Amino acid sequence: MKWNPAAYVQFASHRDRPFFELIARIDDNVPARVVDLGCGPGPLTAALADRWPEAHVTGLDASPEMIDKATADHQRPRLDFAETDAATWTPEAETDILISNAMMQWIPGHRELMAGWLDALKPGAWFAAQVPGNFQAPSHALMRELAATPYWADRLQGLVLRQDAVAEPTTYLRLMLEHAFEADVWETTYEQILRGPDPVLDWVRGTALRPILSVLNDADAAEFEAEYAALVRDAYPPFTGPEGELLTIFPFRRIFMVGRKETASRFG
């Protein structure tokens, strides 16, 4: 599946806010080694390099298009990017901070992977991750329902993220505690205001709709998008703002987890 960096950053102000609220909870002023796993096109990884200018910061992503964009657009003395499959990756022993922003939901069995990452991190290291928690929302439920209709089912089976693509906050908290992390886990629902016609369709084009678009020809992709747009237009009805602008309220739940590995484990 190819990723489109331009589509992904279309709603940067909404997508970036959770990242900065996540890393604000990392209480480490002088890390030597920082990894951004699932870095996308790189602007947020560059922000890490700006926050910790003495650290070696690496952005990792499975998409060659994202890595090419990140490498071309973001240059810092101690910043680099590399193509990596998170499903087979393990943090190096010297990693001080491991960050994963809106990436783990794409990996089936990511909790087992996360457990391995937590084990691999050294005492005193930080882990911080954020995942969307809205897979039961109309934006995703309607996409699953449409993809399961007889006309689409044979071609789109298994391509829409499941409603259990991520766990509930308590599950992540327990996982971090079981792996000797002092943990802080919380959730936030952002009441996002999107502008223009069919903005929910525009939003998912950069993320959840990508697997579907990758297997359909142009005509079928346009037909699926038109059917989906009509469904979410009803689920998220637009209204006219005070200045005549078309507005849509798009609630978006996100789950956050931040923790520091204990230097002397209380677990044994």
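Searching the whole structure turns up nine aromatic pairs, where rings of Phe, Tyr and Trp (its six-membered ring) pair if their centres lie within 6.5 Å, with planes under 30 degrees apart called stacked, over 60 edge-to-face and the rest tilted. The model here is a predicted one, so local features need pLDDT of at least 70 and side-chain atom pairs count only at pLDDT 80 or more, while totals for chains, interfaces and linings use all residues. Residues are numbered from 1 along each chain as its sequence is written, and side-chain values use heavy atoms, with hydrogens and water left out.

A pair of aromatic rings is described by the distance of the centres and the angle of the planes. Take tryptophan 89 and tryptophan 117: their rings sit edge-to-face, 6.2 Å centre to centre with 65° between the planes. This pair links distant parts of the chain, 28 residues apart, with tryptophan 89 in the loop between β3 (79–83) and β4 (97–101) and tryptophan 117 in helix α5 (residues 110–120). Helices (H or I, at least four residues) and strands (E, at least two) are DSSP runs, numbered from the N terminus. Both tryptophan 89 and tryptophan 117 are buried, a label for under 20% relative accessible area, with exposed meaning over 50% and partly exposed in between (1.4 Å probe, protein chains only).

Tyrosine 151 and tryptophan 152 make another edge-to-face pair, at 4.8 Å centre to centre and 90° between the planes. Here the two partners part ways on accessibility: tyrosine 151 is partly exposed because its relative accessibility is 48%, whereas tryptophan 152, at 1%, counts as buried.

Elsewhere, Trp203, Tyr236, Phe250 and Phe252 come together as one aromatic cluster. Tryptophan 203 also has a charged neighbour, as arginine 15 lies over the face of its ring, 4.1 Å from the ring centre. Arginine 25 does likewise with tryptophan 186, again at 4.1 Å from the ring centre. For a charge to sit over a ring, NZ of Lys or CZ of Arg has to be within 6 Å of the ring centre and within 35 degrees of the ring normal.

Isoleucine 249 belongs to strand β8 (residues 246–261) and is partly exposed, since its relative accessible area is 40%.

Now to the charged pairs. Side chains of opposite charge can pair when their charged atoms come close. The whole structure holds 14 salt bridges, each being a side-chain nitrogen of Lys or Arg within 4 Å of a carboxyl oxygen of Asp or Glu. One of them joins arginine 17 to glutamate 21, with the closest N and O atoms 2.8 Å apart. Because these two are four residues apart in helix α2 (residues 12–23), about one helical turn separates them. Arginine 17 is partly exposed at 49% relative accessible area, and glutamate 21 is partly exposed at 29%.

Arginine 78 and glutamate 54 also form a salt bridge, their closest N and O atoms being 4.0 Å apart. That pair links distant parts of the chain, 24 residues apart: arginine 78 is in the loop between α4 (64–73) and β3, and glutamate 54 is in the loop between α3 (43–51) and β2 (56–61). Arginine 78 is partly exposed at 40%, while glutamate 54 is exposed at 62%.

A further salt bridge runs between arginine 253 and glutamate 168, with 2.9 Å between the closest N and O atoms. Arginine 253 lies in strand β8 and glutamate 168 in the loop between α7 (150–156) and α8 (169–178), so this contact ties together parts 85 residues apart in sequence. Arginine 253 is buried at 17% relative accessibility, but glutamate 168 is partly exposed at 41%. Salt bridges with shared partners join Glu168, Glu187 and Arg253 into one network.

As for annotation, the unreviewed UniProt entry assigns "domain: Methyltransferase" to residues 34–124; UniProt positions follow the numbering used here, feature names are shortened, and annotations may be inferred rather than shown by experiment. That span is 33% helix and 22% strand, and its end C-alpha atoms lie 13 Å apart.
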